[in-house]
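Subject: Structure handover

Hello,

Here is the structure I promised to pass on. Please open it beside this message and follow along.

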Amino acid sequence: MQSTTRHHPAQPFWDKVAPNYARKPVADPSAYEAKLARVRALLRPTDDVLEIGCGTGSTAQRLAPVVTRYTATDGSSGMIEIANTKLERDTPTNVTFHRADASDLIDGHPFDAICAFSLLHLVEDLPQVIARAHQQLKPGGLFISKTVCLKEAALPIRAMVRALTALKIAPKITVLNRADLIGHLQDAGFEIEQTTYFGKKRVTPFIVARKAAA
Ligand SMILES: C[S@@+](CC[C@H](N)C(=O)[O-])C[C@H]1O[C@@H](n2cnc3c(N)ncnc32)[C@H](O)[C@@H]1O
């Protein structure tokens, strides 16, 4: 499906955790529902959407009913295998799941909107992934993301995450703050339309960025 299919270095980590990740309940259900409601309000029924880093596809299942086509990709084949098992059950018929790195060019582009939830802090080359999203959007298209910005977290939390990463219990992450993220998006040519937070924590900004209209 993809013109290029890269394997990212953290794939074995995500393949290993995929079954547990699939079973894990959403940490803050009301914040998650608020995020879904906000994204639905941004999408139109005619939209052709790409989600990168879709994990086991739970968000795809919830968002696909409001758009025409929903292509969901993840770099981990373990995650995609689990997502594909959902196709027989509760997944809307306009969804397809594919293994692809976030920096891959995906067949079907350009898209009306690209979503990246809890992903951008995990990719190896953030500017490249953001540039790829920009390239794969139609003029006026939206890049909708929610990203862990560890620079915004208290020092003990940052120290704990560093320790968990050293022990390989947590994946390697890029330590960002919201301004860093906005800078990367603007450097790629995006205009920032919204930034907000859902739930009490102020470490995972939700950012809506728009590619300039032609
Ligand atoms: C924290 S999970 C988030 C999953 C889902 N978006 C969610 O919000 O529940 C991060 C996901 O990003 C994927 N991932 C990490 N690095 C990636 C990369 N370079 N390309 C594509 N997917 C990647 C992992 O396989 C994992 O499924």
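Is Lys-168 buried or exposed? Lys-168 is exposed, with a relative accessible area of 68%. Keep in mind that this is a predicted model. Lys-168 sits in the loop between helix 6 (155–166) and helix 7 (178–187). Its phi is positive, about 65 degrees, although Lys-168 is not a glycine.

Ser-118 is another residue to look at. Its phi is near 55 degrees, a positive value in a residue other than glycine. You will find Ser-118 in the loop between strand 4 and helix 5 (126–135). Ser-118 has 36% relative accessibility, so it counts as partly exposed.

One peptide bond also deserves a look. The bond from His-109 to Pro-110 is cis, with omega near 5 degrees. Pro-110 belongs to the loop between strand 3 and strand 4.

Now the helix packing. The axes of helix 1 (residues 11–23) and helix 4 (residues 77–85) come within 7 Å. They cross at roughly 35 degrees. On the helix 1 side, the contact residues include Trp-14, Val-17 and Tyr-21. Helix 4 brings Ser-77, Gly-78, Met-79 and Ile-82. By type, the residues of this contact are eight nonpolar, three polar and one charged.

Stay with helix 4. Its N-terminal end is capped by Ser-76. A side-chain oxygen of Ser-76 lies 3.2 Å from the backbone nitrogen of Gly-78. Gly-78 is buried in helix 4, as are Met-79, Ile-80 and Ala-83. The cover over these buried residues includes helix 1, strand 2 (69–74) and strand 3 (95–99).

Next, the interior. In soluble globular proteins, nonpolar side chains tend to be buried together. Here the largest nonpolar core has 26 residues. Val-39, Tyr-70, Phe-97, Ile-144 and Phe-206 touch the most other members. Elements giving two or more residues to this core include helix 3 (58–63), strand 5 (137–146) and strand 7 (206–211). Helix 2 gives the most, with five residues.

Leaving out residues up to four places away in sequence, Ile-144 touches Val-39, Leu-42, Leu-43 and Phe-206, among others. Its partners also include Ile-114, Ala-116 and Ile-207.

Best wishes

How values were computed. Residues are numbered from 1 along each chain as its sequence is written. This is a predicted model: local features need pLDDT of at least 70, side-chain atom pairs count only at pLDDT 80 or more; totals for chains, interfaces and linings use all residues. Side-chain values use heavy atoms; hydrogens and water are left out. Axes are lines fitted to C-alpha atoms, for helices over the stretch in contact, and angles run from 0 to 180 degrees between N-to-C directions. Helices (H or I, at least four residues) and strands (E, at least two) are DSSP runs, numbered from the N terminus. Contact means heavy atoms within 4.5 Å. Ala, Val, Leu, Ile, Met, Phe, Trp, Tyr, Cys and Pro count as nonpolar, Asp, Glu, Lys and Arg as charged, and the others, Gly among them, as polar. Buried means under 20% relative accessible area, exposed over 50%, partly exposed in between (1.4 Å probe, protein chains only). A polar contact is a pair of N or O atoms within 3.5 Å; within protein, one must be able to donate a hydrogen and the other to accept it, and residues adjacent in sequence count only if both atoms are side-chain atoms. A nonpolar core is a set of buried Ala, Val, Leu, Ile, Met, Phe, Trp, Tyr and Cys residues joined through side-chain atoms within 4.5 Å.
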